[in-house]
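Reader: Hi! I'm new to this one, could you walk me through it?
Author: Happy to, here it is.
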Amino acid sequence: MAVLTLSASLPALQPPSCSVSACPEASLLQNDTFFLGLYMIALGTGGIKPCVSSFGADQFDDSDPTERVKQGSFFNWFYFCINTGAFISGTVIVWIQDNSGWGIGFAIPTVFMALAIASFFSASNMYRFQKPGGSPLTRVCQVVVAAFRKWHVEVPHDASLLYEVDGQNSAIEGSRKLEHTSELEFLDKAAIISAADAKSDPFANPWKLCTLTQVEELKILVRMFPVWATTIIFSAVYAQNSIFVEQGMVLDKRIGSFNIPPASLSTFDVISVMIWIPFYDRVLIPIARKYTGREKGFSDLQRIGIGLVLSIVAVACAAIVELKRLEIARSEGLIHENVAVPMSILWQIPQYFFAGAAEVFTAIGQLEFFYDQAPDAMRSLCAAFALITVSAGSYLSSILLTLVSYLTTQGGDPGWIPDNLNEGHLDRFFWLIAGISFVNFLVYIGCATRYKYKNV
């Protein structure tokens, strides 16, 4: 952020002002400084996001029922804080950048980041720290290699014959032992003490012999993979918020005497999330707890599934709004004019309402699921996997948009999503997304019903 602030503030790091006819190109130093700031933010975000939620949840003892309930509430309010920041960024900071310049617009979050870092380190002596268990990717590779080394060895029927250290804790620092599961028996070969192992000292070489807990870590990752894959489609649906904004641009953005700035349209989803989180945490969970008997009200998989259904409803609402918008455009003779139609942007409230609810159920439920089900020493890694679905969903959304644009513009047609949406059929694209999401939901039900929760 400091580099971006300098890039936007120092004249030497800013490209020359545009003339009437053209805009001069930025110099190599100006380009490098600007992109250095962006890449540093990307790198820092990649380090912070998967760790901060896991670190925060580690402050609660999940063996204590009372603290376990508070841990579930933590994920809700953690996400609320993220969206509060996004709301301030999309409204206050945008206004400052438009009216006072990009330099001060970047300087303000830079100062707050510095204050946040100082606050974080000032409370270091109050935190609970999870002991690092080494590289989880290395342990995964060790299991695979050790299992293939013994591909010809038969797995014993008695799981107690598989190698495991004595005591309550596993050989992995800071990790509890995991119970044996009967799935993916081939991986159990990594924990077999063969005759050759008995003659040598294999216990010091995890590339030849792994503990049962280490094997079960990999099994957990494999079991979580189908659930992980189905949430990619949800992220692709969530990426359609940018299309919601495009739809809002061709609606009447006036609310009374106030005209909503285009850059602030994306905050509608954020506002919806900020409304839904307190309602979910303070109202919905206590009601659900009475009927389900669960501490959290819903299981993590149930919560994700509800969110997937709500995401389908959100896209269907967007399709219905678009049908009505196109009908008005035709009746007003605006089909070939790239202008907003006389239909209030408030008609988008239902789709943002359901999109926010879907995010609260699925996105937060996904974070909680990957934290709860991850092996103790792999929680940050699994949180990173959960975040990968966001980028994967964005790429999938881009691929879908590209394919739809290419296929629907054949023969000179304007396509479903032309520059002038009044000539297009954005409603058909929304129905396509809803159909894909419905099929994905059916797949998710199959994966969720077959999923086996971990036992420690």
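Reader: Thanks! Leaving aside neighbours within four places in sequence, which residues is arginine 139 in contact with?
Author: Arginine 139 is in contact with Gly133, Gly134, Ile172, Gln214, Glu217, Ala377 and Met378, where contact means heavy atoms within 4.5 Å. This is a predicted model, where local features need pLDDT of at least 70 and side-chain atom pairs count only at pLDDT 80 or more, while totals for chains, interfaces and linings use all residues. Residues are numbered from 1 along each chain as its sequence is written, and side-chain values use heavy atoms, leaving out hydrogens and water.

Reader: Is arginine 139 buried or exposed?
Author: Buried, because its relative accessible area is 7% (buried is under 20%, exposed over 50%, partly exposed in between, with a 1.4 Å probe and protein chains only).

Reader: And what about the largest nonpolar core, how many residues does it have?
Author: It has 77 residues, and Met224, Phe369 and Phe430 have the most contacts inside it. Such a core is a set of buried Ala, Val, Leu, Ile, Met, Phe, Trp, Tyr and Cys residues joined through side-chain atoms within 4.5 Å.

Reader: Which helix gives the largest share of this core?
Author: Helix α12, residues 349-373, with 12 residues; helices here are DSSP runs (H or I, at least four residues), numbered from the N terminus.

Reader: New topic: where is phenylalanine 120?
Author: Phenylalanine 120 sits in helix α4, and is partly exposed because its relative accessible area is 37%.

Conventions:
Helix = DSSP H or I, 4+ residues; strand = E, 2+ residues; numbered from the N terminus.
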